[in-house]
Amino acid sequence: MYDLIILGGGPAGSAAAVYSARKQLKTLIIASEFSGQSAVSETIYNWIGTPEISGAELALNLKNHVLYYKGPFLDILEGEKVIEVSKENKVITIKTETGKTYQTLSLLITTGSSRKKLQALNADKYEHKGITYCASCDGPMFDGQDVLVIGGGNAGFESASQLLAYCKSVTLVHRSKEFRADRITVDKLLENPKFKTIINAEILRVDGDNFVKSLTYKDKETGEEHTLETTGIFVEIGQTPNTEFVKNIVKLDDVGKIIVDPSNQMSSVEGIWAAGDCSNGKYHQNSIACGDAVKATEDLYIWVQKNK
Ligand SMILES: Cc1cc2nc3c(=O)[nH]c(=O)nc-3n(C[C@H](O)[C@H](O)[C@H](O)COP(=O)(O)OP(=O)(O)OC[C@H]3O[C@@H](n4cnc5c(N)ncnc54)[C@H](O)[C@@H]3O)c2cc1C
């Protein structure tokens with residue numbers, strides 16, 4: 001029986017593990033992988049104290065910080081996905097995909113979020129065959145080619161900016177009239193002659209042979225269909241919180257984020273806290289994920305002392 005189980009090994013989970021081990025709570029951290037969404041970023045400029053760091057290095061630093069505390073107060077289970085959480089009286093039981101179970105008095109959920117998949121005919125068929133969800137991982141394979149980016153938020157524009165370094169042209173396709181990305185980012189990219197945008201587009205289908213050859217969309221204003229020839233489609237249409245496995249136990253908001261009290265990160269169920277991108281805070285960043293997880297750990301520490 002643990003005092004605390006932490007689910008997730010991103011910035012939030014890592015911060016919580018460091019704090020809980022230092023407070024000598026008997027802790028287990030379970031992560032399908034130690035990483036974090038920004039691990040794919042070429043450069044992160046807002047990790048305070050470090051003007052520039054690659055996403056991969058930041059992820060490694062976080063993991064090493066957790067490993068530093070592995071010992072009598074911290075067990076680490078990596079490579080295992082949690083599929084179920086249940087609670088009976090004060091005991092919370094965690095089940096993983098391989099059927100292992102673990103019990104704890106308190107739980108902190110920091111399972112973050114995952115990319116939303118493109119919903120269009122053949123989108124599944126062409127995943128990894130021209131459709132990709134990571135510009136910094138797969139972009140170099142499209143050197144000298146005409147590619148598309150789907151999504152008009154910061155992630156879409158950030159991907160387009162990376163791709164412009166080596167692609168022949170980048171066309172950003174967006175479903176509405178207005179971009180959600182920061183104005184300064186949009187304006188800077190629009191100055192690049194290799195960059196173009198298409199707005200009001202409803203994506204209908206992807207076609208090709210073994211690999212992608214084109215994407216067809218409908219102009220939502222005119223109703224006309226257009227086909228764009230392309231070999232690469234980079235999808236950046238937002239995130240879905242990884243909370244499926246707790247939907248029957250804690251309250252979620254309408255997009256599936258865990259509803260927490262922002263003063264202490266406690267969920268709707270006593271003994272369960274959530275932090276980072278899986279929780280319903282208004283803003284999501286690495287530093288916010290860490291800060292929220294620290295807040296939760298401070299709070300649950302006091303709760304565990306009272307309820308042990
Ligand atoms: C492309 C991109 C670039 C970004 N750039 C920046 C930036 O420059 N600066 C910045 O501050 N923020 C940036 N962000 C946002 C930032 O990455 C997130 O806010 C942050 O990663 C959230 O941390 P988290 O710990 O809540 O979740 P995540 O980072 O999503 O980590 C979730 C963890 O939970 C694990 N997990 C998920 N489901 C399960 C399960 N069922 N069982 C066990 N483990 C599970 C995952 O393996 C992972 O370890 C970026 C995001 C993206 C997508």
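Tutor: A polar contact is a pair of N or O atoms within 3.5 Å; within protein, one atom must be able to donate a hydrogen and the other to accept it, and residues adjacent in sequence count only if both atoms are side-chain atoms. This is a predicted model, in which local features need pLDDT of at least 70 and side-chain atom pairs count only at pLDDT 80 or more, whereas totals for chains, interfaces and linings use all residues. Residues are numbered from 1 along each chain as its sequence is written, and side-chain values use heavy atoms, with hydrogens and water left out.

Student: How is the surrounding of the ligand to be read, and which residues are the closest?

Tutor: A residue is near a molecule if one of its heavy atoms lies within 4 Å of it. Here 31 residues surround the ligand, and the closest are Ser 32, Glu 33, Gln 37, Val 82 and Asn 286.

Student: Which atom of Asn 286 lies 2.9 Å from an oxygen atom of the ligand, backbone or side-chain?

Tutor: A backbone N or O atom of Asn 286 lies at that distance, 2.9 Å, from a ligand oxygen. For Gln 37, a polar side-chain atom lies 2.6 Å from an oxygen atom of the ligand. Gln 285 likewise places a polar side-chain atom 3.1 Å from a ligand oxygen.

Student: What does Ser 38 touch?

Tutor: Contact means heavy atoms within 4.5 Å. Not counting residues up to four places away in sequence, Ser 38 touches Ile 44, Gly 55, Leu 58 and Asn 286. Ser 38 belongs to the loop between β2 and α2. Helices (H or I, at least four residues) and strands (E, at least two) are DSSP runs, numbered from the N terminus. The C-alpha atoms of Ser 38 and Ala 59 are 8.1 Å apart, although 21 residues separate the two in sequence.

Student: Is Ser 38 buried or exposed?

Tutor: Burial is judged from relative accessible area: under 20% is buried, over 50% is exposed, and in between is partly exposed (1.4 Å probe, protein chains only). Ser 38 has a relative accessible area of 18%, so it is buried.

Student: How does one check the length of helix α2?

Tutor: The expected span of a helix is 1.5 Å times one less than its number of residues. The 14 residues of α2 (residues 55-68) should span 20 Å, and its end C-alpha atoms are 20 Å apart, which agrees. The buried residues of α2 are Gly 55, Leu 58, Ala 59, Leu 62 and Val 66. Seen down the helix axis, these residues fall within an arc of 100° (the arc of the directions from the axis to the C-beta atoms), so they line one face of α2. They pack against α1 (11-22), β2 (27-31), β3 (74-78) and α6 (286-307).

Student: How many of the residues of α1 are buried?

Tutor: Ten of its twelve residues are buried, so α1 is largely enclosed by the rest of the structure. The cover over these residues includes β1 (2-7), β2, α2, β3, β6 (101-109) and α6. After α1 comes Gln 24, whose phi is positive, near 60°.

Student: How many disulfides does a search of the whole structure find?

Tutor: A disulfide is a covalent bond between the sulfur atoms of two cysteines. The criterion is a pair of cysteine sulfur atoms within 2.5 Å, and the search of the whole structure finds zero. Cys 167 is in no disulfide, and the nearest cysteine sulfur, that of Cys 134, is 13 Å away. The sulfur of Cys 278 is 13 Å from the closest cysteine sulfur, in Cys 290, which is too far for a bond. Cys 167 counts as buried at 1% relative accessibility, and Cys 278 counts as buried at 0%.
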